[in-house]
Amino acid sequence: MEGMFTVDGHCDTMLRVMNDPDYNFFSENTDGHLDLPRLKRGGVNLQVMALFVESRFKPFQALPRTVEMTGAFHRLVDSRPEELKLVTSQKDLEVLGKNPKKTGLLMGLEGGEAICSPESLYAFFKLGLRLVTLTWNQRNQLADGVGETCTGGGLTMMGREVVGEMNELGIAVDVSHLSEKSFWDVAGVSNKPLVASHSNAYTLCDHRRNLKDDQVKAIAESGGIIGINFSNYFLNGTKNAQLEDVLKHIDYLVKGWGFDCVGLGSDYDGIGFTPTGLEDISHLPVLGRELISRYGETNAAKIMGENWIMVLKRILPSG
Ligand SMILES: [Zn+2]
């Protein structure tokens with residue numbers, strides 16, 4: 001168990017960095033779900049940090065807000081070079097694997113409103129962006145999100161161009177939050193593993209943010225990954241859930257589609273109610289132990305982090 005390489009594919013902690021003057025990423029906070037001391041206690045080696053652009057900034061202020069969040073993210077990483085490592089390449093993943101004391105951070109963007117051309121994507125790529133959740137729940141210029149319940153829209157022409165460019169550059173295409181039509185359009189266009197950074201199984205919990213079986217199958221067949229979301233509402237549809245509910249979703253996915261397509265995508269600091277037993281990121285070793293007892297060390301290690309690493313190695317640029 002000790003030393004199990006752990007990856008979390010989604011958190012919204014940058015929202016706290018941006019909006020909460022009492023929050024300090026580098027010290028233990030009594031509220032919320034994630035900070036550096038708790039990442040360390042949780043044994044997390046790589047955390048995907050989403051830049052989540054709040055709806056009030058959309059559409060016209062989305063670009064300046066995304067730029068601001070990008071700056072805040074880099075200021076955070078740069079302020080503790082001895083403890084944090086920015087991850088942008090396959091090489092960085094290898095270096096991280098040899099430095100268990102460093103916490104890797106990968107920059108993601110949740111809602112692609114700021115990406116309005118291949119050139120603007122390239123600008124953010126140069127700034128370290130390596131995962132884009134194409135939409136939040138709304139429609140944007142790339143695609144329709146899952147909240148567009150009656151529009152029937154999918155990936156736009158610009159969205160198709162941007163997905164192609166993401167494949168080319170080495171940026172993960174995240175299908176969490178997409179409408180079903182958008183999902184299938186992306187699945188048809190992307191030539192890299194599909195990533196659903198923070199979604200669960202719809203068959204177990206019929207929340208619109210969860211994935212239907214045919215979507216899970218498409219992700220698994222692409223060599224991609226589904227990051228299990230710890231929101232109680234996405235686990236069982238209520239305010240109250242347990243660690244056991246997380247295990248149920250994992251069990252359903254691994255029994256149906258194998259051990260290679262499941263990882264973690266906690267959504268910490270983006271969700272209101274977390275499961276009993278997984279109250280914050282520091283509790284991840286408890287989940288690791290449960291997975292070992294059910295599936296053995298090798299398969300548990302895949303779910304806790306190795307699958308994310310394998311998928312990212314197939315997507316990110318080499319050096
Ligand atoms: Zn989200």
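Mentor: Thr6 stands opposite Val44 in strand 2. This pair belongs to the contact between strand 1 (residues 6–11) and strand 2, which run in the parallel sense over 4 bridges; two strands count as paired if DSSP finds at least two bridges between them. The model is predicted: local features need pLDDT of at least 70, side-chain atom pairs count only at pLDDT 80 or more, and totals for chains, interfaces and linings use all residues. Residues are numbered from 1 along each chain as its sequence is written, and side-chain values use heavy atoms, with hydrogens and water left out. Helices (H or I, at least four residues) and strands (E, at least two) are DSSP runs, numbered from the N terminus.

Strand 2 has another partner. With strand 4 (residues 103–110) it pairs in the parallel sense over 7 bridges, and one of the bridged pairs is Gln47 with Leu105 of strand 4. In strand 2 (residues 44–52), 9 of the 9 residues are buried, so the strand is largely enclosed by the rest of the structure. Buried means under 20% relative accessible area, exposed over 50%, and partly exposed in between (1.4 Å probe, protein chains only). Val48 and Val7 are among the residues of a second, separate nonpolar core of 18 residues, which also includes Val87 and Ile315. Such a core is a set of buried Ala, Val, Leu, Ile, Met, Phe, Trp, Tyr and Cys residues joined through side-chain atoms within 4.5 Å.

What are the protein donors of the zinc ion? They are Glu110 (OE), His177 (NE2) and His198 (NE2), at 1.9 to 2.2 Å from the ion. Donors are N, O and S atoms within 2.8 Å of the metal (3.2 Å for Na, K and Ca); water is not among the atoms, so sites may look incomplete. Glu110, in strand 4, and His198, in the loop between strand 7 and helix 8, are 88 residues apart, and the pair links distant parts of the chain. Both of these residues are buried. His177 is buried, with a relative accessible area of 7%, and its phi is near 80°, a positive value in a residue other than glycine.

The loop that carries His198 runs between strand 7 and helix 8. In helix 8 (residues 213–221) the buried residues are Gln215, Val216, Ala218 and Ile219. Seen down the helix axis they fall within an arc of 160°, so they line one face of helix 8; the arc is that of the directions from the axis to the C-beta atoms. They are covered by elements including helix 7 (180–189), strand 7 (195–196), strand 8 (225–228) and helix 10 (243–257), where contact means heavy atoms within 4.5 Å. Just past the end of helix 8, Gly223 has a positive phi of about 80°.
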